[in-house]
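Welcome! Here is a short tour of a structure that may be new to you. Take a moment to look it over before reading on.

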Amino acid sequence: MTDAPLVLGIETSCDETGVGIVRGHELLADAVASSVDEHARFGGVVPEVASRAHLEAMVPTIERACETAGIRPSDVDAIAVTSGPGLAGALLVGVAAAKALAVGLDKPLYGVNHLAAHVAVDQLEHGALPEPCVAMLVSGGHSSLLRVTDVTGADGGVDPMGATIDDAAGEAFDKVARLLGLPFPGGPHIDRAAREGSSVYVDFPRGLTSRRDLERHRFDFSFSGLKTAVARWVEARERSGEPVPVADVAASFQEAVCDVLVRKALDAASSEGIEDLLIGGGVAANSRLRHLAEERAAKLGIRVRVPRPGLCTDNGAMVAALGAEMVARGRTPSSLDLPADSSLPVTEVLA
Ligand code: KG4
Ligand code: ZN
């Protein structure tokens, strides 16, 4: 596939400085510098700290990606960058770097949507995307169900079916981990702790699944009630003087999240007669979510695609993958006054 476009993608929407290089669906380099350790003591990402870290990491990460891919920057056919959604200051660093490269190398620039990039990345592992598919994106900042007919967004190709009405799924993992005294970001720690615990130890609430809620919020999520329920349970336990069974609470909480996510994602696919479900975003790295989705989907004849954990969390390869798709499908590049848009709607895949 030597004709496939060679694209360099830059991601800086949160705390990962990612530079990826792809040739069509082939991953050549995925260099990531994370500032997560600098945020850990604050229990969440501090925007100013993230922006400064992107600034420091940008050039070395671009160099590392080019070295790994064995290319010179001038070899690329296009530059892609996350233009939103995300932290405004953090996005700006990536957008400015991408513009500088595009101008300096005289290459087209594609400002792309971070959420669609979480979908497109799967092509690097499993080949061409099944379209239509239902994509469930679950990360620290987002939880949404999308009907995807064209991942580049042409003709309403990315259509939102539902989203969280309060906390994102990853945010719930991070907050509950904090309650349980586990480090930030909490998702991987809960995942690990849960392996030693019982998922039926506490019957935590499943948000927006009652018959009444389903009438208005069939494909929407809510995790803030669950988070409060875990907090109350842990407080009551602490008041009683008994130790908190961390593994059991982690497993029961994780089960409540995964149960709702999988139920709603499969309902969305079934309701549209769609046979492919794609799961992306940081929470898609969760082992229980992957297992439960595959188990239940198989019974419905629905195929599930989940990229490997390293491609689920934020990275530059996902941006390059979507950029390559833009080139391959002949989409018009972005203009050089491309803005960083912290609240870019999911329907706007190409900014
Ligand atoms: O996609 P991502 O890297 O960044 C955002 O765009 O938000 O997602 C980060 C989120 C964090 O909330 C983190 O706790 C969660 O993904 N996460 C996990 C796992 N690995 C990362 N949540 C549950 N289980 C995991 N194994
Ligand atoms: Zn993300």
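Predicted model: local features only at pLDDT ≥ 70, side-chain atom pairs only at ≥ 80, totals over all residues.

**The zinc site**

With that definition in hand, let us turn to the zinc ion (ligand 2). The four donor atoms around the zinc ion subtend angles of 93 to 154°, which makes the arrangement irregular. For comparison, the ideal angle for four tetrahedral donors is 109.5 degrees.

Which protein atoms are donors of the zinc ion? They are His114 (NE2), His118 (NE2) and Asp314 (OD), at 2.1 to 2.2 Å from the ion. Along the chain, these donors follow the spacing H-x3-H-x195-D. Distant parts of the chain are linked here: His114 belongs to helix α4 (residues 114–120), while Asp314 sits in the loop between α12 (309–312) and α13 (316–328), 200 residues apart.

| Residue | Relative accessible area | State |
|---|---|---|
| His114 | 5% | buried |
| Asp314 | 14% | buried |
| Asp259 | 8% | buried |

**Around Asp259**

Asp259 is found in helix α10. Its side chain is joined to that of Arg263 by a polar contact of 2.8 Å. Leaving aside residues up to four places away in sequence, Asp259 touches Arg206, Leu292 and Arg296.

Next comes helix α6, which spans residues 169–179 and has Ala169, Gly170, Ala172, Phe173, Val176 and Ala177 as its buried residues. These residues lie on the same side of α6, because they cover an arc of only 155° around the axis. In general, an α-helix has 3.6 residues a turn, so residues three or four places apart point the same way.

What do the buried residues of α6 pack against? Their partners are the strands β6 (133–138) and β7 (143–148), along with the helices α7 (187–194), α9 (224–239) and α10 (246–272). Just after α6, Gly181 takes a positive phi of about 75°.

**The annotated domain**

Finally, let us step back to the whole fold. An unreviewed UniProt entry carries the annotation "domain: Gcp-like" for residues 26–320. Over residues 26–320, the chain is 51% helix and 16% strand, and the end C-alpha atoms are 10 Å apart.

Technical notes. Residues numbered from 1 in each chain as written. Chains lettered and ligands numbered in written order. Heavy atoms only, no water. Buried < 20%, exposed > 50% of the residue type's maximum accessible area, 1.4 Å probe, protein only. Helix = DSSP H or I, 4+ residues; strand = E, 2+ residues; numbered from the N terminus. Arc of directions from axis to C-beta. Contact = heavy atoms within 4.5 Å. Donors = N, O, S within 2.8 Å, 3.2 Å for Na, K, Ca; no water. Tetrahedral: all angles 85-135°; square planar, octahedral: opposite > 155°, others 65-115°. UniProt positions renumbered as here; feature names shortened; annotations may be inferred. Polar contact = N/O pair within 3.5 Å; in protein donor to acceptor, adjacent residues only side chain to side chain.
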